[in-house]
Amino acid sequence: MYRPRDTRMPLDEAQDLIDAHGFAVLLDGRLQASHLPLVLARGEGELGTLYGHFARANPHWQALEGQRVLAIFQGPHAYVSPRWYAARPAVPTWNYVAVHASGLVERLDDDATQAAFDGLLAKYEPALLDDAAILSDDYRQRLLRGTVGFRIRLDDLQGKAKLGLNRSREDQAGVLAGLGDSPDPHARQLGRYTQGYTERYTRRHLEDDLGKESQDDR
C-alpha cells in the first residue's frame with residue numbers, strides 16, 4: 001500500500017482500527033475475495049493473529065490452507081471539499097483510514113474453531129455465550145459442522161491514515177469544521193476519528209522530540 005511518511009500508522013493504531021472495524025475483505029493470490037468479520041489476538045505473534053471462519057459451503061476456504069492472504073480493513077472515510085482549506089488553489093480529495101494485514105492461513109480444528117466463534121461472540125454480543133435458549137449446545141454443534149475456522153499469523157501489518165496531517169493547521173482546522181458540519185454521518189465519523197488521531201499524532205511527535213533533546217543533553 002502506498003503510504004507517504006505522514007500517513008503511516010503506528011502498530012498500536014493499526015491494531016486499534018482492526019478492533020474497531022473488524023469486517024474485512026479477505027483476498028487471496030488469485031484475486032478471489034470473501035467478506036468476513038475477523039478478530040485480532042494481539043498477544044499472538046509480533047503483529048498479532050487474526051481469527052475467523054467461513055461457511056463450509058463457501059468454496060473459498062478450500063484453496064487457502066497454507067496460502068498467503070491479504071485482509072483489508074476499512075476505517076472511516078469521506079469526501080473533503082477544497083472549500084474547507086484556507087490555502088488556495090486547492091483540489092477536492094478523499095480522506096480515509098485503512099489497514100492491510102497479511103499472513104499465512106492455517107485451518108483450525110473443531111475445538112479451536114469453537115473458541116474462535118466464541119471470541120467473535122465475546123466481542124460483539126457476549127450475553128449470547130450464556131443464552132442457551134438461542135445458542136444451545138446442540139445448536140452450537142450443528143453450527144460447528146457448517147463452518148471452517150481459520151487463523152492468519154500476521155507477518156505484515158500496514159496502516160494508513162490519510163487525514164491531511166501534512167497540511168497547515170489552518171487547513172486541518174477547516175477540514176475538521178467541514179466534516180463536523182456535514183449532513184453525512186460518515187463524514188462526521190471521520191471528523192471525530194481525525195480529531196482524536198491528530199491529538200495522538202501530535203503527542204507522539206512531541207514525546208519523540210523531547211526524547212531526542214534529552215539524549216542530546218547527555
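Q: What do the side chains of E13 and R200 meet in?
A: A salt bridge, at 2.6 Å from N to O. The term here means a side-chain nitrogen of Lys or Arg within 4 Å of a carboxyl oxygen of Asp or Glu. E13 sits in helix α1 and R200 in helix α5, so the pair ties together parts 187 residues apart in sequence.

Q: Before we go on, what sort of model is it, and how are the residues numbered?
A: It's a predicted model, with residues numbered from 1 along each chain as its sequence is written; local features need pLDDT of at least 70, side-chain atom pairs count only at pLDDT 80 or more, and totals for chains, interfaces and linings use all residues. Side-chain values use heavy atoms, with hydrogens and water left out.

Q: And how do you get the helices and strands?
A: They're DSSP runs numbered from the N terminus: H or I of at least four residues for helices, E of at least two for strands.

Q: Back to that pair. Is E13 buried or exposed?
A: E13 is buried, at 3% relative accessible area, while R200 is partly exposed at 28%. Buried means under 20% relative accessible area, exposed over 50%, and partly exposed in between, with a 1.4 Å probe and protein chains only.

Q: How many salt bridges turn up in the whole structure?
A: The search finds ten. One of them joins D19 and R42, with the closest N and O atoms 2.7 Å apart. That pair links distant parts of the chain, 23 residues apart: D19 is in helix α1 and R42 in the loop between β3 (39-41) and β4. D19 is partly exposed at 30%, and R42 is partly exposed at 32%.

Q: Which residue does R140 pair with?
A: D118, again through a salt bridge, and the closest N and O atoms are 2.7 Å apart. R140 lies in helix α3 (residues 137-145) and D118 in helix α2, so parts 22 residues apart in sequence get tied together. R140 is buried, with a relative accessible area of 11%, and D118 is partly exposed at 24%. As for networks, salt bridges that share partners join E13, R200 and R204 into one.

Q: OK, packing. How many residues are in the largest nonpolar core?
A: It has 39, and L26, L50 and F73 have the most contacts inside it. A nonpolar core is a set of buried Ala, Val, Leu, Ile, Met, Phe, Trp, Tyr and Cys residues joined through side-chain atoms within 4.5 Å. Elements that each supply at least two residues include α1 (11-20), β1 (23-27), β5 (68-80) and α5 (185-216). β7 gives the largest share, six residues.

Q: What does L26 touch?
A: Leaving out residues up to four places away in sequence, its contacts include L36, F54, L64, V69, F150 and I152. Contact means heavy atoms within 4.5 Å.

Q: Last topic, voids. How many cavities of 30 Å³ or more are there?
A: One. The largest cavity has a volume of about 40 Å³. On a 1 Å grid over the protein atoms alone, a cavity is a set of points where a 1.4 Å probe fits but cannot get out, and lining residues have an atom within 4 Å of a point. Points join across faces, edges and corners, and the volume is the space filled by probe spheres set on them.

Q: Which residues line the largest cavity?
A: P37, V39, Y51, G52, H53, A116 and L120. β4 provides the largest share of that lining, three residues.

Methods:
On a 1 Å grid over the protein atoms alone, a cavity is a set of points where a 1.4 Å probe fits but cannot get out, and a pocket is an open set with protein on both sides within 12 Å along at least five of seven lines; lining residues have an atom within 4 Å of a point.
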